[in-house]
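Welcome! Keep your viewer open and follow along, one selection after another.

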Amino acid sequence: MVKESHSAGRIALAKPARRDHMLRTMPPSSPVAPTAAIEVENLVKIFKGATAVDGISFRLARGSMTALLGGNGAGKTTTIAMIMGLTTPTSGKVSVLGARMPAERYRVLHRMNFESPYVEVPMRLTVRQNLVVFAGLYGVEDVHGRIGVLAEQLSLRELLDRPTGRLSAGQKTRVSLAKALLNEPEVLLLDEPTASLDPDTADWVRARLQRYRVERGATVLLASHNMTEVERLCERVIMLKRGRIEDDDAPQRLLSRYGRRTLEEVFLDVARGRGEAREAAQ
Amino acid sequence: MSAAAQTHFSYRRTGALVLRYWYLLRSSWPRVLELIYWPLVQVLTWGFIQFYVAQHSGYFLRAGATLIGAMLLWEILFRGQLGFSVSFLEEMWARNLSNLMISPLRPAEFIAALMIMSLLRLIIGMVPVTLIAVAFFGFNIYGLGLALPAFFANLILTSWAIGLFVSGLLLRNGLGAESMAWTLTFLLLPLTCVYYPVAVLPHWVQPVSWMLPPTYVFEGLRALLLDHVFRLDLMLGALALNALFFGAAAIGFMALLESARRQGTLLAAGE
């Protein structure tokens with residue numbers, strides 16, 4: 001069964017103690033999104049006997065911005081890799097924009113993109129050369145026009161003819177972001193996009209992501225450890241722990257349900273199992 | 001771009017990747033110099049050996065000419081494979097493989113770009129060296145006439161087949177398999193009889209040698225230089241074997257790519 005925000009499916013899959021709470025707090029109408037951008041169903045990934053992702057299900061509506069939140073080894077990156085078709089699931093189903101991944105990936109890869117500080121853009125090429133190459137790979141029509149627009153939006157104009165490897169971490173992140181937005185993706189996957197950035201640059205990047213999502217109506221899935229980022233950007237949080245979905249709700253509802261002031265406190269409750277203890281007590 | 005256009009082989013995507021390698025190559029003069037350096041060292045070494053042999057023996061006076069020719073053809077085989085594999089390795093060193101694998105780039109387009117770069121690198125590296133061979137040692141490889149394209153086509157096909165297989169190993173096993181890119185072709189050096197006839201090998205090794213396409217090319221070169229005969233049969237034999245080798249390498253590459261997807265090594269490729 002597919003798990004969806006405010007859906008009966010999500011409630012059915014929840015643990016018994018939480019299920020009652022969900023039924024109580026469920027809004028009157030719980031429509032199933034007719035055109036989900038991403039659908040994940042009973043997804044499992046096992047690497048050499050170690051379970052990285054353990055039967056997760058969710059649907060992301062088009063135009064939504066969702067966070068995958070979890071500690072190290074929770075399965076965030078593996079989940080994103082399976083959504084991109086980079087890793088084959090052991091079992092279960094992933095669909096993006098109606099295409100089954102990884103089998104039908106070439107139907108939709110030109111409508112998706114990905115950004116992560118851990119996946120670098122080639123360092124020896126200049127920023128412009130990198131963008132020209134990726135524009136060619138993604139079939140961008142007006143290559144130089146699009147690079148000009150992105151250079152303006154992401155303040156890259158002065159950097160275009162500099163080797164990417166000689167840029168600061170913040171500048172490299174902007175280049176990676178430009179690469180990720182080159183093809184104006186309908187589905188944008190981000191893996192800790194502001195990791196290792198100073199607060200000012202991180203805030204700047206978040207503002208650009210927010211603006212892109214609103215202007216393009218893009219679906220964004222963000223894997224992050226950064227609770228401030230998640231609270232600011234996302235309308236939904238899927239909390240992973242040891243490859244399983246521990247909770248899945250809007251940030252404000254999570255805060256009120258766990259009786260916490262910040263998502264960081266909620267995260268710690270989930271990571272340390274306090275949420276289950278509280279529910280059991282209730 | 002329409003969805004239909006996105007599902008077919010794209011010359012534009014292939015060209016974009018070739019452009020990426022071209023930018024990389026021209027950004028570093030040591031990389032260009034290296035393309036010429038080793039073939040030059042080889043041609044000088046074998047050129048002087050040929051001089052020495054020619055001065056001291058009657059039979060070898062004629063056979064000596066084959067040494068430098070064989071060396072040049074061997075360099076086409078080795079440098080062709082290296083040009084293919086190094087371009088692939090550049091993606092792993094740059095940790096850029098994930099970016100390519102999540103782009104609409106098809107494996108066939110990726111392979112085509114690697115083959116084009118292999119040719120470009122060969123031209124940059126080998127043309128000056130063949131001209132040096134003419135100037136210093138009086139060996140004109142272009143004097144082989146129509147045999148040269150036949151030799152070249154067969155050797156480059158073998159080099160791409162090896163490059164493709166090695167790239168699959170790199171995808172599956174990461175940079176731990178990098179040494180294969182530099183050493184695998186050398187396994188062919190004794191078996192394909194680059195510098196001596198197949199008849200020199202022990203009888204039980206000879207069938208193995210005849211299973212390798214380059215053997216036909218080097219035997220063909222000796223037939224041309226010593227007996228002045230162009231052996232079309234040898235070239236067709238090599239071509240048939242190359243078709244088998246390239247097909248097997250392509251299947252192997254795709255199988256290793258799928259295995260890498262299952263093992264999840266593509267996201268961390270380069271580590």
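**Before you click.** This is a predicted model, in which local features need pLDDT of at least 70 and side-chain atom pairs count only at pLDDT 80 or more, while totals for chains, interfaces and linings use all residues. Residues are numbered from 1 along each chain as its sequence is written, and chains are lettered from A and ligands numbered from 1 in the order in which they are written.

**Stop 1: chain A.** Select chain A and colour it by secondary structure: there are 11 helices and 10 strands. Helices (H or I, at least four residues) and strands (E, at least two) are DSSP runs, numbered from the N terminus. Of the 282 residues in chain A, 49% are buried, where buried means that 20 or more other C-beta atoms, placed from the backbone, lie within 10 Å of a residue's own.

**Stop 2: where the chains meet.** Now show both chains. In contact here means C-beta atoms, placed from the backbone, within 7 Å. By that rule, 29 residues of chain B are in contact with 28 residues of chain A. On the chain B side, the largest share, 8 residues, comes from helix 2 of chain B. That side divides into 13 nonpolar, 9 polar and 7 charged residues. Here Ala, Val, Leu, Ile, Met, Phe, Trp, Tyr, Cys and Pro count as nonpolar, Asp, Glu, Lys and Arg as charged, and the others, Gly among them, as polar.

**Stop 3: the core.** Which residues have the most contacts inside the largest nonpolar core? Select L189(A), L222(A) and L73(B), in a core of 152 residues. Such a core is a set of buried Ala, Val, Leu, Ile, Met, Phe, Trp, Tyr and Cys residues joined through C-beta atoms within 7 Å. Zoom in on L189(A): among the residues it touches are I80(A), M112(A) and F114(A).

**Stop 4: a helix pair in chain A.** Select residues 251-258 (helix 9) and 263-271 (helix 10) of chain A; their axes come within 9 Å and cross at roughly 60°. Axes are lines fitted to C-alpha atoms, for helices over the stretch in contact, with angles from 0 to 180 degrees between N-to-C directions. Show P251(A), L254(A), L255(A) and Y258(A) of helix 9, which meet L263(A), V266(A) and D269(A) of helix 10.

**Stop 5: a helix pair in chain B.** Finally, select helix 6 (residues 107-137) and helix 7 (residues 147-173) of chain B, whose axes come within 11 Å and cross at roughly 130°.

Terms used. Buried ≥ 20, exposed ≤ 12 C-beta atoms within 10 Å, placed from the backbone. Contact = placed C-beta atoms within 7 Å. Lists of a residue's contacts leave out its neighbours within four places in sequence.
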